[in-house]
Amino acid sequence: HLIDHFDRAAALASQRCCVRCGEHTLSFEEVSRLTWRIASELKRRGVDRGARVAIYASNSVALYVHILG
């Protein structure tokens, strides 16, 4: 799974830049924390791992975070 590969990369380089859009950047640690928050909220709402969800977002760091979440 994509998230498993991401988690391994985050463990090795937590403070390195993970995603950049213009001048807005997030480290692997920040992206990891945000994606787990999104995943937890989806699970709380009854969305299981592997389920399809729609994402409505502009091209930004938030889009990347939501794709992983």
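Trainee: What is the relative accessible area of His24?
Mentor: His24 comes out at 46%, so that residue is partly exposed. On this scale, buried is under 20% relative accessible area, exposed is over 50%, and partly exposed is in between, with a 1.4 Å probe and protein chains only.

Trainee: Before I go on, what kind of model is this?
Mentor: This is a predicted model: local features need pLDDT of at least 70, side-chain atom pairs count only at pLDDT 80 or more, and totals for chains, interfaces and linings use all residues. Residues are numbered from 1 along each chain as its sequence is written, and side-chain values use heavy atoms, with hydrogens and water left out.

Trainee: Where does His24 sit?
Mentor: His24 is in strand 2, residues 24–27. Helices (H or I, at least four residues) and strands (E, at least two) are DSSP runs, numbered from the N terminus.

Trainee: Is Phe6 buried or exposed?
Mentor: Phe6 is buried, at 6% relative accessibility.

Trainee: Switching to salt bridges. How many are there?
Mentor: Three. A salt bridge here is a side-chain nitrogen of Lys or Arg within 4 Å of a carboxyl oxygen of Asp or Glu. Side chains of opposite charge can pair when their charged atoms come close.

Trainee: Which residue does Asp4 pair with?
Mentor: Asp4 pairs with Arg49, at 3.6 Å from N to O. That bridge links distant parts of the chain: Asp4 is in helix 1, Arg49 is in the loop between helix 2 and helix 3, and they are 45 residues apart.

Trainee: Is Arg49 buried or exposed?
Mentor: Arg49 is exposed, at 63% relative accessibility. Asp4 is partly exposed, at 29%.

Trainee: What does Glu41 pair with?
Mentor: Glu41 bridges to Arg44 at 2.7 Å, N to O. Glu41 also bridges to Arg45, at 2.6 Å, N to O. Shared partners join Glu41, Arg44 and Arg45 into one network.

Trainee: Why are Glu41 and Arg44 about one helical turn apart?
Mentor: Because they are three residues apart in helix 2.

Trainee: Pockets next. What is the volume of the largest pocket?
Mentor: About 690 Å³. The search runs on a 1 Å grid over the protein atoms alone: a cavity is a set of points where a 1.4 Å probe fits but cannot get out, and a pocket is an open set with protein on both sides within 12 Å along at least five of seven lines. Lining residues have an atom within 4 Å of a point. Grid points are joined across faces, edges and corners, and the volume is the space filled by probe spheres set on the points.

Trainee: How many residues line the largest pocket?
Mentor: There are 24, and Ala39, Arg49, Gly50, Leu68 and Gly69 lie nearest its centre.

Trainee: Which helices supply at least two residues of the lining?
Mentor: Helix 1 (2–12), helix 2 (28–44) and helix 3 (61–68) each do. Helix 2 gives the largest share, six residues.

Trainee: How does the lining divide by residue type?
Mentor: Into 13 nonpolar, five polar and six charged. Ala, Val, Leu, Ile, Met, Phe, Trp, Tyr, Cys and Pro count as nonpolar, Asp, Glu, Lys and Arg as charged, and the others, Gly among them, as polar.

Trainee: Back to Gly50. Where is that residue?
Mentor: In the loop between helix 2 and helix 3. Gly50 is exposed, at 76%. Its C-alpha is 9.7 Å from that of His1, 49 residues away along the chain.

Trainee: Last one. Which residues form the nonpolar surface patch?
Mentor: Leu2, Val53, Ile55 and Ile67, with about 360 Å² of accessible area together. Patches take residues with over 30% relative accessible area and no salt bridge; like charges are joined within 9 Å, and nonpolar side chains (Val, Leu, Ile, Met, Phe, Trp, Tyr) within 5 Å. Accessible areas come from the Shrake-Rupley method with a 1.4 Å probe; for residues, only the protein chains shown count as cover.

Trainee: Where is Val53 found?
Mentor: In the loop between helix 2 and helix 3. Val53 is partly exposed, at 45%.
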